[in-house]
Amino acid sequence: MSRSNELYQQVILDHNKNPRNYREMADAAYVCEGHNPLCGDHITIYVNVDPEGRISDLSFQGNGCAISKASASMMTAFLKGKPIEEARVIFKEFHEMVTGEFDPKSRENHLGKLTLFEGVKEYSSRIKCASLAWHALMGALEKKTSASTEA
Ligand code: ZN
C-alpha cells in the first residue's frame, strides 16, 4: 500500500470512530437530507449562516458507509466559519477532483487536506459516497430539504 493510501485509510477510520460535528442542530436555519441510492447512504446536513454570509455552524447526522461519514465529518470541520461563496468554490473543486476532472496538484486550489479524497476517482462507486454530504450542503444552501446524488 502506498503512503498516501495508508494516510487515507487512517483518516477515514479516525473520522468514522470520532466524527466531527456529529449532532442534530435544533435551531438550524437550513436542513437538507442527502441520499445516495447507489450505496444506501443517508446524511442530513444542518447549517446556520451569520449576517455576513459565513457558515457559522455546520453539523451532520446519518447512516452511511465509512467514506460518506468521513467525508461529511471532514467537510463540516473544513467549512465551518468560511463564507458561503468560498464553500461553493470548494464544492466545485472537490467534485471535479473526485470525478477526475481536476488534478489538485496541477493548479492552486482551496482543498487543503480534502485532497486526501483524490484517490476516490479510481473507484467510481465511491464517488457518490464521498460527495454526498457536499450535495446535501449545496441543497441546504438552496433551501432544499432533500438532495440525491442521482440528481
Ligand atoms: Zn457509501
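Me: In which helix is Arg88 found?

Reply: Arg88 is found in helix α3. Helices here are DSSP runs of H or I with at least four residues, strands are runs of E with at least two, and both are numbered from the N terminus. This is a predicted model: local features need pLDDT of at least 70, side-chain atom pairs count only at pLDDT 80 or more, and totals for chains, interfaces and linings use all residues. Residues are numbered from 1 along each chain as its sequence is written, and side-chain values use heavy atoms, with hydrogens and water left out.

Me: What is the relative accessible area of Arg88?

Reply: Start with the scale. Buried means under 20% relative accessible area, exposed means over 50%, and partly exposed is in between (1.4 Å probe, protein chains only). Arg88 has 29%, so it is partly exposed.

Me: Which residues is Arg88 in contact with, leaving aside neighbours within four places in sequence?

Reply: Contact means heavy atoms within 4.5 Å. With those neighbours left aside, Arg88 is in contact with Met138, Leu141 and Glu142. Trp134 is 46 residues from Arg88 in sequence, and their C-alpha atoms are 9.5 Å apart in space.

Me: How many residues are in the largest nonpolar core?

Reply: The general idea comes first. In soluble globular proteins, nonpolar side chains tend to be buried together. A nonpolar core is a set of buried Ala, Val, Leu, Ile, Met, Phe, Trp, Tyr and Cys residues joined through side-chain atoms within 4.5 Å. The largest one here has 43 residues. Ile45, Leu79, Phe94, Phe117 and Leu137 have the most contacts inside it. At least two residues of this core come from each of α1, β2 (41-49), β3 (55-63), α2 (66-79), α3 (84-98) and α4. Helix α4 gives the most, with 11 residues.

Me: What is Phe94 in contact with, leaving aside neighbours within four places in sequence?

Reply: Phe94 is in contact with Ser71, Leu111, Leu114, Phe117, Ala130, Ser131 and Trp134, those neighbours left aside.

Me: How many aromatic pairs does a search of the whole structure find?

Reply: A pair of aromatic rings is described by the distance of the centres and the angle of the planes. Rings of Phe, Tyr and Trp (its six-membered ring) pair if their centres lie within 6.5 Å; planes under 30 degrees apart count as stacked, over 60 as edge-to-face and the rest as tilted. The search finds 5 pairs. One of them joins Tyr8 and Phe117 edge-to-face, at 6.1 Å centre to centre and 90° between the planes. This pair links distant parts of the chain, 109 residues apart: Tyr8 is in helix α1, and Phe117 is in the loop between α3 and α4. Both Tyr8 and Phe117 are buried. Tyr8, Phe91, Phe94, Phe117 and Trp134 form one aromatic cluster.

Me: Where does Ile67 lie, and is Ile67 buried or exposed?

Reply: Ile67 lies in helix α2. Its relative accessible area is 12%, so Ile67 is buried. Leaving aside neighbours within four places in sequence, Ile67 is in contact with Tyr8, Phe117, Arg126, Cys129 and Ala130. The C-alpha atoms of Ile67 and Asn16 are separated by 8.3 Å, although the two are 51 residues apart along the chain.

Me: Which residues coordinate the zinc ion?

Reply: Donors are N, O and S atoms within 2.8 Å of the metal (3.2 Å for Na, K and Ca); water is not among the atoms, so sites may look incomplete. Cys39 (SG), Asp41 (OD), Asp41 (OD), Cys65 (SG) and Cys129 (SG) coordinate the zinc ion, at 2.2 to 2.7 Å. Their spacing along the chain is C-x1-D-x23-C-x63-C. Asp41 lies in strand β2 and Cys65 in the loop between β3 and α2, so this pair ties together parts 24 residues apart in sequence. Asp41 is buried, at 1% relative accessibility. Cys65 is also buried, at 16%.

Me: Which side chains make a polar contact with the side chain of Asn21?

Reply: A polar contact is a pair of N or O atoms within 3.5 Å; within protein, one must be able to donate a hydrogen and the other to accept it, and residues adjacent in sequence count only if both atoms are side-chain atoms. The side chain of Asn21 meets that of Thr76 at 3.0 Å and that of Lys80 at 3.1 Å. Asn21 is in the loop between α1 (3-17) and β1 (30-36). Asn21 is buried, with a relative accessible area of 17%. Its phi is near 55°, a positive value in a residue other than glycine.
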